Amino acid sequence: MLIYALLGLPLIASALVLVLHDRPNLRDGQALFIGLITAGCAIQLYAAPHSETVTLFSLAAGLDVSFTPEPLGKLFALVAGVLWPVATLYTIGYMRGAGEKNHTRFMFFYAIAIHAAMGIALSGNLLTLFVFYEILTFSTYPLVTHKGTPEAVQAGRIYLGILVASSVILLLFGVIGVWVLTGTLDFQSGGILAGHIDPFYVPFLLGLFAFGIGKAALMPLHRWLPAAMVAPTPVSALLHAVAVVKAGVFTVLKVAVYVFGIDFLRETGSSDWLVWVASFSILAASIVAMTKTNLKARLAYSTISQLGYIVLGAALATSLAASGAAVHIAAHAAGKITLFFCAGAIYVAHHLTDIKDMNGLGRVMPVTYTAFAFGALSIIGVPPLAGAWSKIMLMGGALDNGHVLVLGVLMVSSLLNLVYLGEIVLRGFFAKPTHGLKSDDVQEAPLSMLLPLCLTAAMSLALFFAIDMFILDFGG
Amino acid sequence: MMQHLPVLQVLLPLLGAPLAALLRGRDMAWGLALLLTGAAFLISAILFGLQYSAGEALIYDLGGWPAPLGIVYVIDAASALVLPVVSGLAFVATIAARRLVEAEIDARDHALFYAAWLLTIAGMLGQITTGDAFNIFVFLEISSLSAYALVAMGAGRDRRALPAAFNYLILGTVGATFYVIGLGLLYMLTGTLNLTDLAERLAEVESTRASFTALAFIALGLFLKMALFPLHFWLVPAYAHAPSAVSALMAATATKVSVYVLIRLMFGVFGVEFNGLADAIGLLILTLGIAGAFAGTLAAIIETDLKKLFAQSSIAQLGYMAIGIGAMSMTGLAAAFIHLFNHALMKGALFLAIGAIAAQVGRASMQTIEGAGRQIPITMTAILVGGLALIGVPLTAGFISKVYLVRALLEQNFWLLAALTFISSALALAYVWKIIEAAWLKERPKGAPVLVETPVHYVPAWLMVLATIGFGIFAGPLVDAAYAAAAVFIGGAR
């Protein structure tokens, strides 16, 4: 029942958006309302002990579209479900504040994207996952190209080109390969591949998934994410926190745990190469982030780096590391959505996009900047904020598996995060103002934007203390 | 009555053709064509049901003469699957034809147009049903000759239709001649033309060079007729300059029938075990198939005329069918049948939608559809869905085709070929998205003609679009039917 609700509610919301297209307040209000119900359902599902498999329909023999909520999927559904109404509230404020056009189309595809994210989260087999993965790609394309400018069209090409090509060439190859090898596509705890494949080929198959899931933005398949920054900020929030990249790393983690099986990966050493690729992605993206002065571009590269953590957790192939990666999905979502909400608030209130122009802005927008500091500290991994836990768990997992060098990677990464995120906060609060506003004029964004970003900042804090609820046991 | 159905669905359009030529008056000939193609579709649907419930081939002895003396019509799992594809597409194309023909062809020629239209359909249905190798040649010529005439009728508004039809005629005749030379050799070796009989007697002469030569001639002739790369150059101009209704009918059906005949002869007569078939012809088909997939896709990417663009895409899609055949396995053959079916739906949808635009502005090109997404959203959405299906996006029929095709390749350990197939299908995104960007992300230029759409324009295309989605979501029965069809030619478990 909850499965149908989580999948169906966003669809109902999208249909109502179309029906109510000429009554903006009602249209947006119902999306918010349905979002809240969805969040409630996601929480209830997360709390439920276990759920059965639901088969919606069958494409052909062996190709079922079915849903099996397992702990990892429930966690992703929770993240997407809870952040959706928050993001909707923010979207309402942003779209009106920034004077964007075509609200109906925007709200429609936003809800479809949530539907797709739910489908990915609850998918019971690789086919279902692939189907919703593609729905997510195509439903977010109109959001990325929303402005319709030549840059937006160009960004849309990169977005669609990389995501579709990688999924159609590599991911689908992997999916059908698993089908031919094992005769099944179902996710099972402990994995399905052991005994069906010569261990020599496992790293290659893993590569098909690691790079085929372009949404995980593992370098060198990350270009679409910075390109998509031309879209309105609520889209960035959707891409970076609620659905898209989270769907990517979630898929990597889910495939590692339920298709390969972390024991199988560890015993065959098949994922060692991915540890180093992910480590490279973490460090290289952080270094690129430092060179960017456009706030959203810097945050985009920060995301690429942070996604590396989750892929790393899957590649380390220990229960602790995988669990740390799962925690990081939630922790990074709360932290990064706060940062993007703040970036959007700065744009709507003062039309600033470049970090160099934001000196002293913290004194004009104290609430926004305080929330930003919370989000930044969580991403850096400072207690008592959520990001601290995932980093500790990943470090523990690395030690379990004897990858001592990974400890160094994580520490250096934290330092780099501190530099490029800390700079923004420090400039905001302490640098001499360059924005031309009197420092005692408090000028915040509208309340409908301020409220969500305070809420998500509070989530980062709350997650730290409620961490017990988010540690999943993957055995092994 | 029921036992005459196998011959009736060929006979009705065949006998209707001269009648249509005599009919005068508004829409009379069209009405007759609609009636007869509708009847043929109904009959083929009934035959599918009959064959399915019987579980074995239905044999019809023409004139009461049993095989091998007389000619037999055979409705087995394979012909029962392909018949409704052709007759169904013919029916939908006929529905759309009324409007398209009115816009594109001189009113005095309508009766003759529908006469040729019915003849080409009768010829295709005949090739599918007959169990006699020479009868196949006869029907092949019936459908081809009338198709040349249909293409040439595009000359009324586009003179390039004439050289296109002439090229088509020359190459089509070469192909048919190759086929009949091969057939002559077979007749010389075995003294029979009945397909079942041929298959039995060929075993005795398997090691002779003449039998392999016959295979080579027949295969080559059919490669030409099915437009397998690099023998495809007749196809693009023929589809592009033909009247829009003819483009839709031919793109969806004509080459498929040749694919079917190739399968029937290669596997049904010579057999997978046949000396040299798997190594020589099989390898050749695989190579040409993947080469065609790339050649067609890349040519489509740089094409700006929409009819030519999708004709090039057809070359690529025929390449995929060829790959399925070349895999020489149960799954491969099933994948070829699945794609034959699905591709007919997608290309039918696309050419009907493009025809609706071409009939209004003379030529559907990247330029004439700029900004069309807001003026004719329903038609353009049909093109969007058809395009997504060509890429192989999940929940469209194209996805099912691709999954089974790649599965067939991986089962045979052709993983490099599987990778190439994926790459070429991803490249399809480039030409599909070119259209989407032009239609939706560009403004309609000032002074561009206003496009309109009424149900007359989009209903036929949308019938096909709905089928594309329907068979993409509930593909189970199709997959079963395709495996049953493959089982006619290849033994072995699923």
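Where is the place of P220(A)? P220(A) sits in the loop between α7 and α8 of chain A. The legends below take this loop and other sites in turn.

This is a predicted model, in which local features need pLDDT of at least 70, side-chain atom pairs count only at pLDDT 80 or more, and totals for chains, interfaces and linings use all residues. Residues are numbered from 1 along each chain as its sequence is written, while chains are lettered from A and ligands numbered from 1 in the order in which they are written.

**View 1. Cis peptide bonds in chain A.**
M219(A) and P220(A) are joined by a cis peptide bond, with omega about 5°. Helices (H or I, at least four residues) and strands (E, at least two) are DSSP runs, numbered from the N terminus. A cis bond also runs from P383(A) to P384(A), where omega is near 0°. P384(A) lies in the loop between α16 (366-380) and α17 (387-400) of chain A.

H351(A) is not glycine, yet its phi is positive, near 55°. The loop between α14 (319-350) and α15 (361-364) of chain A holds H351(A). A residue is buried if 20 or more other C-beta atoms lie within 10 Å of its own, exposed if 12 or fewer, and partly exposed in between; C-beta atoms are placed from the backbone. H351(A) has 9 other C-beta atoms within 10 Å, so it is exposed. L395(B), also a residue other than glycine, has a positive phi near 75°. L395(B) falls in the loop between α15 (377-391) and α16 of chain B. L395(B) counts as buried because it has 20 C-beta neighbours inside 10 Å.

**View 2. The contact between chain A and chain B.**
Here 23 residues of chain A are in contact with 25 residues of chain B. Two residues are in contact if their C-beta atoms, placed from the backbone, lie within 7 Å. On the side of chain A that touches chain B, β1 (54-60), α5 (126-144) and α6 of chain A are the elements that give two or more residues. The largest share of that side, 13 residues, comes from α6(A). By class, the side of chain A that touches chain B has 17 nonpolar, five polar and one charged. Ala, Val, Leu, Ile, Met, Phe, Trp, Tyr, Cys and Pro count as nonpolar, Asp, Glu, Lys and Arg as charged, and the others, Gly among them, as polar.

**View 3. Helix α6 of chain A against helix α16 of chain B.**
α6 (residues 150-182) of chain A packs on α16 (residues 397-411) of chain B at about 55°, with the axes 10 Å apart. α6(A) is therefore oblique to α16(B). Axes are lines fitted to C-alpha atoms, for helices over the stretch in contact, and angles run from 0 to 180 degrees between N-to-C directions. Angles under 35 degrees count as roughly parallel, over 145 as roughly antiparallel, 65 to 115 as roughly perpendicular and the rest as oblique. The crossing of α6(A) and α16(B) is right-handed. A crossing is left-handed if the near helix is turned anticlockwise from the far one by less than a right angle, and right-handed if clockwise. From α6(A), I176(A), G177(A), W179(A) and V180(A) meet V403(B), V406(B), R407(B), L410(B) and E411(B) of α16(B). The residues of this contact are six nonpolar, one polar and two charged.

**View 4. Helices α1 and α4 of chain B.**
α1 (residues 5-22) and α4 (residues 110-129) of chain B pack at about 160°, and their axes are 8 Å apart. α1(B) is therefore roughly antiparallel to α4(B). Their crossing is left-handed. Residues of the contact include P6(B), V10(B) and L14(B) of α1(B), and L118(B), A122(B) and L125(B) of α4(B). The contact of α1(B) with α4(B) has 17 nonpolar, four polar and no charged residues.

**View 5. Y168(B) and its neighbours.**
Y168(B) belongs to helix α6 (residues 161-190) of chain B. Y168(B) counts as buried because 25 C-beta neighbours lie inside 10 Å. Leaving aside neighbours within four places in sequence, Y168(B) is in contact with Y148(B), V151(B), W234(B) and A238(B). Y168(B) and Y148(B) are 20 residues apart in sequence, and 6.8 Å apart in space, C-alpha to C-alpha.
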